[in-house]
Amino acid sequence: MKILITGASGKLGSALQTALRAEHDTIGTNSATLDITDYAACRQRLADLQPDLLLHAAAYTDVNGCAQDPQKALRINGLGTQNLAAVTAQLGIAMLYISSNEVFDGKLGRAYHEYDAAKPINAYGWGKWYGERALAEVNPRHYIVRTAWLFAPGGDNFIHAIRQAARRGRELRVVTNEISNPTYTRDLAAAIRLLIQSDRYGTYHLVNEGAVSRWGLARFTLNEAGFADTAITRISSHQWQRPSQPPEYTPLANIAAASLGIRLRPWQEAVRAFIADEEPG
């Protein structure tokens, strides 16, 4: 299968190329080679390449930046995805879109199932939800993959920030009331490889199994990384003001993919693997 990957230079895009290249003809693109907000450019590029599948991993992922410039968030995450959805539908190309737990408001009180109602509460979530609806409405050959709290080797993410702060002896204050599924990009990419082999289009939640608070994730990470003596002060999200306030309780339940035999290992195992991958030997 020929697969075009947007956002290929990002951490998830890189993991996808690694997971897929042995079995598929993968072509990577990024914002320098394809402006997804330019409909004509999207149509020309996809018409020239004629991929069997467009794997859309590109996004404006700076959630605080999205809050500060919601029009940019909508233009990239929403309208950019709409452009790709329209083009793939016209050209007969299947499309997989990477979405987020932040399409939910965090008020359900249990893990979200694939078809629970989306109610985004911030600009990043709204952009992702716009993209989901745009794809679902125009291209029946689609996969929508929601994930959460991604971490990757060499990346700028929560786990890196916590470890760096501990190394520098900085005071750590971490929220206890934000809860979701930490997800390793390598595990997500491996699950997507299996999903696209199924030809079972639809909406999926692909996250490492189990949910934890930000504080719990920080504590586990530091214990595993040799910083068990480092103290972490518990705070609430109301004490950690940011331009974009995330939904508080958004664990995702993997029901649809699990029915196909696709499961990701528990998040604790994924964090241990991440630490080993970062510091081999």
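Student: What makes Asn 83 count as buried?

Tutor: In this predicted model, the relative accessibility of Asn 83 is 13%. Buried means under 20%, so Asn 83 counts as buried. Asn 83 lies in helix H4 and touches Ile 36, Thr 37, Asp 38, Tyr 39 and Cys 42, leaving aside residues up to four places away in sequence.

Student: How do you know whether H4 and H5 are roughly parallel or roughly antiparallel to each other?

Tutor: H4 and helix H5 (residues 123-138) pack at an angle of about 15°, with 8 Å between their axes. Angles under 35 degrees count as roughly parallel, and therefore H4 and H5 are described as roughly parallel to each other. H4 also passes H5 in a right-handed crossing.

Student: What meets what in the contact of H4 with H5?

Tutor: On the H4 side, the residues include Pro 70, Ala 73, Leu 74, Asn 77 and Gly 78. Among those they meet in H5 are Ala 123, Tyr 124, Gly 127, Lys 128 and Tyr 130. By class, this contact has 13 nonpolar, six polar and one charged residues.

Student: How do you know that Cys 42 is in no disulfide?

Tutor: The nearest cysteine sulfur to that of Cys 42 belongs to Cys 66 and is 18 Å away. A disulfide needs two cysteine sulfur atoms within 2.5 Å, so 18 Å is too far for a bond. A search of the whole structure finds zero disulfides.

Student: Are these two cysteines buried or exposed?

Tutor: Cys 42 has a relative accessible area of 0%, and Cys 66 likewise has 0%. With the limit for buried set at under 20%, both are therefore buried.

Student: Why is Thr 33 called partly exposed?

Tutor: Its relative accessible area is 46%. Exposed requires over 50% and buried under 20%, so Thr 33 falls in between and is partly exposed. Thr 33 is found in the loop between strand S2 (25-29) and H2. Its C-alpha atom is separated by 9.6 Å from that of Thr 6, 27 residues apart along the chain.

Student: What makes helix H8 mostly covered?

Tutor: Nine of the eleven residues of H8 (residues 214-224) are buried. Among them are Arg 214, Trp 215, Arg 219 and Phe 220. The buried residues of H8 pack against helix H6 (158-167), strands S7 (173-175), S11 (212-213) and S12 (233-235), and helix H9 (267-278). H8 is followed by Gly 226, which has a positive phi near 90°.

Terms used
Residues numbered from 1 in each chain as written. Predicted model: local features only at pLDDT ≥ 70, side-chain atom pairs only at ≥ 80, totals over all residues. Heavy atoms only, no water. Buried < 20%, exposed > 50% of the residue type's maximum accessible area, 1.4 Å probe, protein only. Axes fitted to C-alpha atoms, helices over the stretch in contact; angles between N-to-C directions. Helix = DSSP H or I, 4+ residues; strand = E, 2+ residues; numbered from the N terminus. Parallel < 35°, antiparallel > 145°, perpendicular 65-115°, else oblique. Left-handed = near helix turned anticlockwise from the far one by under 90°. Contact = heavy atoms within 4.5 Å. Nonpolar A, V, L, I, M, F, W, Y, C, P; charged D, E, K, R; others polar.
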